[in-house]
Amino acid sequence: MVERDALRAWFAREVLPLEPALTRFLRRNWRRESDIPDLRQEVYAKVYDAARAALPHQPKAFVFATARNLLINQAKRARIVSIDLVADLEALNTPFDEPGAHRQLEAREELRRVQAGLDLLPPRCREVVVARRIEGLSQRETAQRLGIGEDTVERQMLNGMRALVDFMLGGSGKLKRGERGRRADRVVTP
Amino acid sequence: MSAVEIEKVAAHWRLRQDEPGWTAQDEAALEAWLAESTLHEVAYVRLDHGWRSIERLNALKGAKPTAQSRRSWRFAPQLLAAGFALTVLGGGLFAGVQTGAIGRSVYATPIGGRQVVPLSDGSRVELNTDSRLRASVRSTHREVWLDRGEAYFEIAHDPSHPFVVHAGDQRVTVLGTRFSVLRQPDGRVRVAVVEGRVRVEPAESRGVSRPAIMTRGDTVIASGVSLLATPKSEARVDAQLGWRDGLLIFDQVSLAEAAGEFNRYNKKRLVITDSAAAAIPIGGRFEAANVETFVRLIREGFRLKVEERGDEIRISS
């Protein structure tokens, strides 16, 4: 068994940086955009569960193999995609390059990205994040300073956190509207 | 639950964790939620990881997302404190209010300090870390001597009384403008102009050099009669003045240069022990007083070895 802290650290170090590539891979090979967050989450969970026993030696290959298998199973289960697609998926080459080659860029890039991600937030949301995260004000102090309710502060923080994390991991940094109403038509995976 | 919904719950937990009043029971409830499903666990780990990288915003304090929000977080409290830790030698307690027996006020800042000095003619000088300035501002003349360090000047317009800055072997003359002067330890003097016109010339020209006239966006480095002008860039001049907000702003400088800059502001000295590490290019905005965050970032980001010995932080690859 891998210790939880070690597992989490490994996941953050080796798997999460693959998020942009993984998201692109899923998007290229799956038609329904609205399924992508769920598929990605599912890949993460499968990789994480597998790594509990032992950390994979080649995380990148492992993540993409997992993604490919998941897509194949989903396609088979959904019965809405043609056999061709499944065949294509099986033949699919997963993106592969040298691990760690870009690490030097990452630290600098990361700082730029934090700033860029902040700039992308809607003004009110950004104010809340700056007050709380950078100035270190409490929820109440932030509410008083900005003349808004504490529940608004909390909601803006939740949105800000999700958007920033998404952006830091290579996403657009914008929260998609209408996520709420989509529950009914998504493919539920057991 | 969809991934998006799980993420919202995870975000809620993660934020509450930072709140005061997070109890052992809360911790237990979070653990229970995480144990329910690996989907919960990965959503939480993902947010936590991303959020930690945003924690490094501390290194970006003072960056400018919007015009309005900027002012409010311009000064970190510890920088303010350092700024007030001013040593006044000889002259009056407040700038320009009194002058000492020899008719000059002396202002000095300790390492990490910063001080705004209002002069009696309405001009304003901001002293950077480890700097010393003498001022003689009268109705008949306006003269200051930058004995050490760096200063930013906002000079009240007065065509009949040019304002003269003596910095080492250079003389900088202005009518009314905004600019900065840095005396580097190697004796060279760097002048950067934010606004207006500035004349830079050797203190003793002996007829061999003509004065350089600088305008907005110009930076020159002068030593004796030699003068190096860099291509005009207002962005560069702004970056050079990041210290006024307590920031060091680097655009692709080497780690060695960045360490040298940090060492101007901190008692704890960064020492880069090998040339491979020294050459790593660095960009970004950092709090000048927060050398710890900088070290943490380069250690994590560049996988460098860090060893602390007393007042020295030794960095190697």
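I began with the end of chain B, where β18(B) and strand β19 (residues 312-316) of chain B pair in the antiparallel sense over 5 bridges; two strands pair if DSSP finds at least two bridges between them. Helices (H or I, at least four residues) and strands (E, at least two) are DSSP runs, numbered from the N terminus. I note at once that this is a predicted model, in which local features need pLDDT of at least 70 and side-chain atom pairs count only at pLDDT 80 or more, while totals for chains, interfaces and linings use all residues. Residues are numbered from 1 along each chain as its sequence is written, chains are lettered from A and ligands numbered from 1 in the order in which they are written, and side-chain values use heavy atoms, with hydrogens and water left out.

**Sheet in chain B**

Staying with this strand pair, I found B:R309 opposite B:E312 in β19(B). I then asked in what order the strands of the open sheet stand. The order is β16-β19-β18 in chain B, 3 strands with mixed pairing. At the edges are β16 (269-272) and β18 (305-309) of chain B, each with a single partner strand, so one side of each is left without a neighbour in the sheet. From one strand to the next the twist averages 25°. Across β16, β18 and β19 of chain B lies helix α9 (residues 291-302) of chain B, which runs at about 25° to β16(B). For such angles, axes are lines fitted to C-alpha atoms, for helices over the stretch in contact, and angles run from 0 to 180 degrees between N-to-C directions.

**Strand β10 of chain B**

I next looked up strand β10 (residues 189-195) of chain B, where 6 of the 7 residues are buried, so the strand is largely enclosed by the rest of the structure. Buried means under 20% relative accessible area, exposed over 50%, and partly exposed in between (1.4 Å probe, protein chains only). Strand β9 (residues 178-183) of chain B is joined to β10(B) by 6 bridges, and the two run antiparallel. In this pairing B:R178 stands opposite B:E195 of β10(B). The two strands form a hairpin with 5 residues between them, and B:G187 in the turn has a positive phi of about 95°. I also traced 4 bridges from β10(B) to strand β13 (residues 219-223) of chain B, again with an antiparallel run, and there B:R190 stands opposite B:I221 in β13(B).

**Aromatic pairs**

How many aromatic pairs does the structure hold over all chains? I have 11 in my notes. Rings of Phe, Tyr and Trp (its six-membered ring) pair if their centres lie within 6.5 Å; planes under 30 degrees apart count as stacked, over 60 as edge-to-face and the rest as tilted. B:W13 is buried, its relative accessible area being 11%. Elsewhere, ring pairs link B:F250, B:F262, B:F286 and B:F294 into a cluster.

**Chain A and its contacts with chain B**

The axes of helix α3 (residues 36-53) of chain A and helix α1 (residues 3-18) of chain B come within 8 Å and cross at roughly 65°. That makes α3(A) roughly perpendicular to α1(B), on a scale where angles under 35 degrees count as roughly parallel, over 145 as roughly antiparallel, 65 to 115 as roughly perpendicular and the rest as oblique. A:P37, A:D38 and A:Q41 in α3(A) meet B:A3, B:V4 and B:I6 in α1(B), where contact means heavy atoms within 4.5 Å.

Not counting residues up to four places away in sequence, A:R8 touches A:Y48, B:L34, B:E41, B:Y44 and B:V45. A:R8 and A:Y48 are 40 residues apart in sequence and 8.7 Å apart in space, C-alpha to C-alpha.

My last entry concerns A:D166 in helix α9 (residues 150-168) of chain A, which counts as buried at 13% relative accessibility. Leaving aside neighbours within four places in sequence, the contacts of A:D166 include A:E19, A:R40 and B:R46.
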